Each structure stands twice: as C-alpha cells, then as structure tokens.
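Let's walk through this structure together, one part at a time. Have the sequence and the 3D view open as you read.

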Amino acid sequence: MGKQIEVAGWGHQMRVAADVERPETVRALESSCHGQGIARGLGRSYGDAAIAPERVWMMTRLNRMLSFRNGVLTAEAGTSLGDILRVFLPRGYTLPVTPGTQWVTLGGAVAADVHGKNHHTAGTFSRYVEEITLCTADGEMRRIGPGRDPDLFWATVGGMGLTGLILEVSLRLQAIETGYISVDYFRTRDLEETLNWFSVHDASYPFTVAWLDCLASGRSLGRAVLMGGRPTERAELSGRQPAFPMPHRTLRMPFSLPSGMLSRSVGVAFNAAYYGVHRPGAQQIEPWWKFFYPLDVVDDWHRLYGRRGFAQYQAVFPAEVGAQELAALLGRIQNARHPNFLGVLKRMGPSSPGMLSFPRAGLTLALDLPMQGEGTSRLFRELYAQTADLGGRAYLAKDSFLTPDLLQRMYPRLSEFRAVKKRVDPAGRWRSALALRLGLAGGS
Amino acid sequence: MANGVLVLGATSTIARALSARWARDGVPLHLVGRDTPELERIAQDLRIRYGSDVSVLGCDIAAGDFPQATVTAMGQHAPLRGIVWAFGTMVAAAGAADAQSLRAGAWVNFGAAPPLIEALLPLVDRQGFIAFLSSVAGDRGRQSNYVYGAAKAALSVYGLGLRHRLRGAGPSVTVLKLGVVDTRMSWGMGVPGGAADPEAVAAEVQRAIGAGKAVAYVPRRWALVMAVIRHLPEPLFNLLRI
C-alpha cells in the first residue's frame, strides 16, 4: 500500500506530494512496481532528482547485504555507505570512493555516479561497480555491468534513476590498514594560490580539497583552507589507538531555524572563523568520519537553513578555465550580495564513461546558497549561463534550476543517453520531477 | 547450532530487527517464514554483518496444515534458547473482508499458534523463553480492526495461560503488546504521534524478554493510551473514530 506524503530534496526548497511505496521485500517491490515515478534512497540529492509527482519508491528498507567475496560486496540498493563502513572498516575494507556524506544509498551513489576528495586519483564511484541488478520498465530484472549490456550500464551510472529501479549493486571495496587519514592543512591568500596548490599537491596526496572562504573579497577573493590527505598506516598509530575507530553519536537538528537566520553577516563570521581556526602546521591524524564527513556530525543539518531551504550550485569547468574566469563567477555572487556559507573547490581527474556522469577533468566548485526567493533563482540562472559559456556543466544531483537547453549544452552525450532510455523505457515510466523539468522523462 | 533462537515469521520488520540484535550478541538463529528467498536474503545479511550462524526454513502456516516438517527439523537444534512468535497479518475491517480472508486472518494471527507452540515446547531449554509479538489492538474491540484485534487478544491470553502453566517449571513466556510500529503493515496509516522505530522497538522487546516480564507494552507510552481506551465508558468510546 502506498502512502500519500510530501517528499522533498535535501535542500528542502522543492517539495511534492507523491504516492510513496516503501517495499521491504523483493516480492513487495515487484508487486508495487507499476505506474510512473522514481526510486529514492536517503534523499540526499539537493533538488528534485528523488521526488516525483506520481510515485516514489523509497528503497531504504531494501538494505540487505547479500554476499562478500574477494573484496566485492553485493548488497541491495537501499544499503547506506555509512552502513557499509560500519560493517567493513573493522575488517580492513573501505569505500573506494565516497561523497561528502555517508548517508547516501548504494543505488543513489550509482545513479549520481558520485565522486569524492580522491577523484583525481580514483575516479568516480562507478569505476568500482562490477554489476547492477536493474528492474526495467518491462518488469525484467536485468544484470548489467561494464561487460554486460554496457550501453545500459553506462546510461544507468549517472543516469539519475531514469533507466530503471536499481535493486542490487556489486561494489569492489578497498583494503586499508587503518580507519584514519593523515592530513596536512594549508592556507592560501588568494584564488591564484589556491589553484596553484592543486597543481603542486595533487600528485602527492590521494585526497585533496579546498574550503573556500566564500566571503573574502577583493585581493583575498578565493583564499582557502586546503587539505591534503592520505590513508594512515598502522605504524603511524600509537599502540593504544584502535586501528578502526567508530564515532559515538551524532547531534540532531531538532527543528528548522527561522529562514534568514543564516544571514550574510553570520556567513562572514563563520567563514572568517573557519579560515582562522585552520592554521597550517603539523600533520594531523583524523578518524575517517571527521575527514570525509564533517557535516554528518549534525543530522538534518539542512534545517539550519530554515523552512525555505537552500540550493547548491555545483559545476565543473574544463581545465583551461582558470583563476580569472572563476574570480568573475565568485564576484557575481558577491555583487548580488547573496549569502553563501559553504564553498568547496577541487581539481578533478578524467571523466567517467557514464553518459550523464558529472565529473570531467578540470575544477569543480560547489556553493550552498540559502533560498531567498526570486533573487536566488535569478542568480542561479546567471551562474548557469556563465557556466555553460565557459564549457562547464552543472551536477544533476545538486541541481534545481537547469533548463533543457542548458542541459543539452552541458552534457554532450545526452543523445546517447536518450537512445538507451528510449530502448529500455519507451513509455517513459521512470521519471522524477527533475526529469520532467529537463525533458528527460521520455515517452510521448 | 544448540541454543539458538527460533524466529517464526522472520520476514516481518520487527522480527528482522530482533534477529539482528541476537545475531550481534552471537546467538544462532533459525529463521522460519513463508517466503524462503526473502528469508535467505535476511539470513545472508545477518551472516555478513555479524558473522552469525543462521539457518532458514520455509513454512507456510497460512496453508492451514500442521507444519510437522518444521517441528521435525527443529528437533535437531534442541535445546533452543527461545522462540519468538512473529507471524501476523493485517485483516481488513470485517465489513470489507470476505469470509476466506477473515478465516485466514484469524488463523495466521492466532489459530496456528497453539498447535505449533505446544509441539515445539519440548525443544525449548527450561531456562529459555517464548515470546509472542501481540498487539494493543487486542485490548479493546474497535470498529477499524477488531478482527485482527480479536485474534491478537486470543494470542495474548494464550501466551499468559502458557506462562501460568510453565511457571517455575519451564521457559519464561512474555507477551509483547506492540503499539503502532513503522513497519510495512502500518505504512500508509496515519498515526497521531507517529509510528515507532522498529529498531528501538526490537531493543525494548529484547529487554522485556530478558527481564522475564509477563506483559510489556512497547513503546511504553501505549500502556497509558490503552488504559484510557479500555476504561473509556461506551458513550464516550462511541464518539471515537478509531
């Protein structure tokens, strides 16, 4: 039996009432699998990728681990990455690639072909996916992989759930010695220096990322706190330290703050404090959750942004886009006097074979922007237009504002994706609000 | 696999959460239910997560025959640490259900329990336990689900009678009166105050069993809610749309 409830993206600025199914058995999934709609995991996509005006299949209770052989875990798509870490870290295995939150499902990680701080060395999530069980529109359970119906596989990877319901994923885990990351902190004074840092340090650290001080302007525009990390070896730990530590508890954001609490001045203070606290110096050994998932410390942290929610701008630019173009883009947000609290910059490695996979070689920039009505939409439209002009693309898992023509400009392999979609879902069964907005729903 | 826990109706949401708790504690498990492929998925999950010893046995009590095969198969695992009765199915309100589903509902929720439990009783360790996952719906007949409630009331009385008989001489019997839990059975029902988290419920159920309680309301606030509903005078009760 479905349930009529309102579902929202993580930014909570887009909501829709849907008939929500939450199957707990494969049989229940099969019998509920009719009508049009989209699968949903833990709802961490920011915009409208996991909401649909018709049906939503909440996959979180299909989270059984089914086999683990030779380092390859096969689990149901509703299994969260955090769950996998809790089971496998103590056995010396970790995720080869992880996004900035552990609370995404395997199915969601495949559908968005997620990337992490190690993209420049490790590529995207899909590189480690050996097989997917996909329930397609005809009701078939298809096993697909890079060597088995590769077209459907590379359309499903990064395909935002539009090729079918992902039921199982086989993922190659990575052996490690400890659950720690040895981190060096750096600070830069301006954008030029920040970009140079990546050129110098990407070769020596498997994990790199820059936290931008988004509100520094003028000559300090683009200054950042940068982190270079590598897996800690067992010999670096003291004898008493457990090799695979686990976090104790998380804080919970019990209610939404009034919208607008996170004002521009709070943002300035926060960014200045963050920049001030992280002084470069001695290497730190950090447990995995602190390094990879700093925001997971507070559950439901989106509530910090109040009822109106927030949106994230994330784009990747081709390698030839440099400090000057990026400065112009950041300058545009500052000119709009739009508050902006989190800015992350990273240099990415080569693109994945996923037809709609986001990453490509070049710089990626992510900014969280609280929703302030029409002003925010206008800013997004400007940023996206500029992004497309620079040859960049927006990340569908974060997006709320793209249009079909921008999508066409940003994703050159869109027609290949459409051809696969037409083959496996001619009637356009799998459709999210995002797909309807961007003309990706298919059918007639 | 001596001293395992036998879970009857192991694909239910709460049974799965309970099984995970025992598996984490290193207790072997015997999962019994109708949907064998599904039981196998749950068993694999428990094996991988907790390295636990889990066996699976298909048994369709809804078919109506006495499941002799289950009893025989469990014989080799005696003595059992305990049995959990988690079989159950939602029944539509009487006006909306046909005769067959009324009979099936009464059977799966209660009728099948006495013959099966009596046959399995000799296999349970004297220091062990028998737990019945019953429901607050059995506390007072309400128009919305009194067929289900009647079967659960019978299950509760059966459990308490068994406890009375076995006192001091056999396994301890606990009747769990569950409020609305966030399971597939309750999915889609609007519940004032919200449905309880199955994992929190499983923790409380395990505690109540360990403490040897006769009856436990889970979550505990339902004890108060049901005390009010039981004692409500009929004219007032009739005003309620429940």
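How many helices and strands does the secondary structure of chain B come to? The tally for chain B is nine helices and seven strands, where helices (H or I, at least four residues) and strands (E, at least two) are DSSP runs numbered from the N terminus. This is a predicted model, in which local features need pLDDT of at least 70, side-chain atom pairs count only at pLDDT 80 or more, and totals for chains, interfaces and linings use all residues. Residues are numbered from 1 along each chain as its sequence is written, while chains are lettered from A and ligands numbered from 1 in the order in which they are written.

Now to the overall form of chain B. Its C-alpha trace spans about 55 × 35 × 35 Å along the principal axes.

Next, where the chains meet. Here 15 residues of chain A are in contact with 13 residues of chain B, contact meaning C-beta atoms, placed from the backbone, within 7 Å. On the chain A side, α1 (26–32) and β5 (65–69) each supply at least two residues, and β5(A) gives the most, with four.

How values were computed
Two residues are in contact if their C-beta atoms, placed from the backbone, lie within 7 Å.
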